[in-house]
Amino acid sequence: MIEPSGLRTRLASTDPAVLLRGGIVALAALGVVGLLVELAFLRHWSTVGALVVWPALAAAAAAVVALVRRPTAGRVRLVRWLALAVVVVGIAGIVLHVNENLIAGPLDRSYAATWDSLSAVEQLFLAVTGGVGPAPALAPGSMSELGLAIALATFRHPALEARASIGLRSA
């Protein structure tokens, strides 16, 4: 008889921590697929800056796979680093999108004549809220959110706890 895989065992678990971790990983997987589709629909590869998101998305996908397929302490630590990189790329994307909108501000037909007379705070507000520029300023935040979800799935992960308890026994 074939033993159930680790994934099937986790799916059958009634432990709330296991169920919540599985739910977070499932939401992260859904986020990876959703971002992949959205970025493909937007053809988000026209500039070098736009290409940065693809390796980050691949890292997020690899992190999700590592958490689903027999996670070890080393893999969980690697997943944490990948999650951090995904968060950083998301934050950098927000900054780049806002900057792109600020650059487009003087060209906007509604503000072309008055852009230079606006305060820096007003210009920033318009750039962040979509008042000027083509880039959705907060959209890259979904990448950071994805990285945070992946990192959250590693919190008190059993693979880390098992290794720590083995270390305590040998001391």
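These legends describe close-up views of a predicted model. Local features need pLDDT of at least 70, side-chain atom pairs count only at pLDDT 80 or more, and totals for chains, interfaces and linings use all residues. Residues are numbered from 1 along each chain as its sequence is written, and side-chain values use heavy atoms, with hydrogens and water left out.

View 1. The elements run α-α-α-α-α-α-α-α from the N terminus on. Helices (H or I, at least four residues) and strands (E, at least two) are DSSP runs, numbered from the N terminus. Of the 171 residues of the protein chain, 30% count as buried. Buried means under 20% relative accessible area, exposed means over 50%, and partly exposed is in between (1.4 Å probe, protein chains only).

**View 2. The largest pocket, with a volume of about 670 Å³.** At least two lining residues come from each of α2, α3 (48-51), α5 (73-104) and α7 (141-153). Helix α5 gives the largest share, seven residues. By type, the lining divides into 15 nonpolar, eight polar and three charged residues. Here Ala, Val, Leu, Ile, Met, Phe, Trp, Tyr, Cys and Pro count as nonpolar, Asp, Glu, Lys and Arg as charged, and the others, Gly among them, as polar. On a 1 Å grid over the protein atoms alone, a pocket is an open set of points with protein on both sides within 12 Å along at least five of seven lines, and lining residues have an atom within 4 Å of a point. Grid points are joined across faces, edges and corners, and the volume is the space filled by probe spheres set on the points.

**View 3. A nonpolar surface patch formed by V33, V37 and F41.** Together these residues have about 300 Å² of accessible area, computed by the Shrake-Rupley method with a 1.4 Å probe, with only the protein chains shown counting as cover for residues. Patch residues have over 30% relative accessible area and no salt bridge; nonpolar side chains (Val, Leu, Ile, Met, Phe, Trp, Tyr) are joined within 5 Å, and like charges within 9 Å. A salt bridge is a side-chain nitrogen of Lys or Arg within 4 Å of a carboxyl oxygen of Asp or Glu. V37 lies in helix α2 (residues 16-41) and is partly exposed, with a relative accessible area of 36%.

**View 4. R43 and R70, with positive phi.** Most residues other than glycine have a negative phi. R43 has a phi of about 50° and sits in the loop between α2 and α3. R43 is exposed, at 56% relative accessible area. Phi of R70 is near 40°, and R70 is in the loop between α4 (53-68) and α5. R70 is exposed, at 66%.

**View 5. Two residue pairs, D108 with G133 and L102 with W115.** D108, in the loop between α5 and α6 (120-129), is buried, with a relative accessible area of 18%. D108 and G133 are 25 residues apart in sequence and 7.3 Å apart in space, C-alpha to C-alpha. L102 belongs to helix α5 and is partly exposed, at 26% relative accessible area. L102 and W115 are 13 residues apart along the chain, with 9.9 Å between their C-alpha atoms.

Conventions
1 Å grid on protein atoms, 1.4 Å probe; cavity = no way out; pocket = protein on both sides within 12 Å on 5 of 7 lines; lining within 4 Å.
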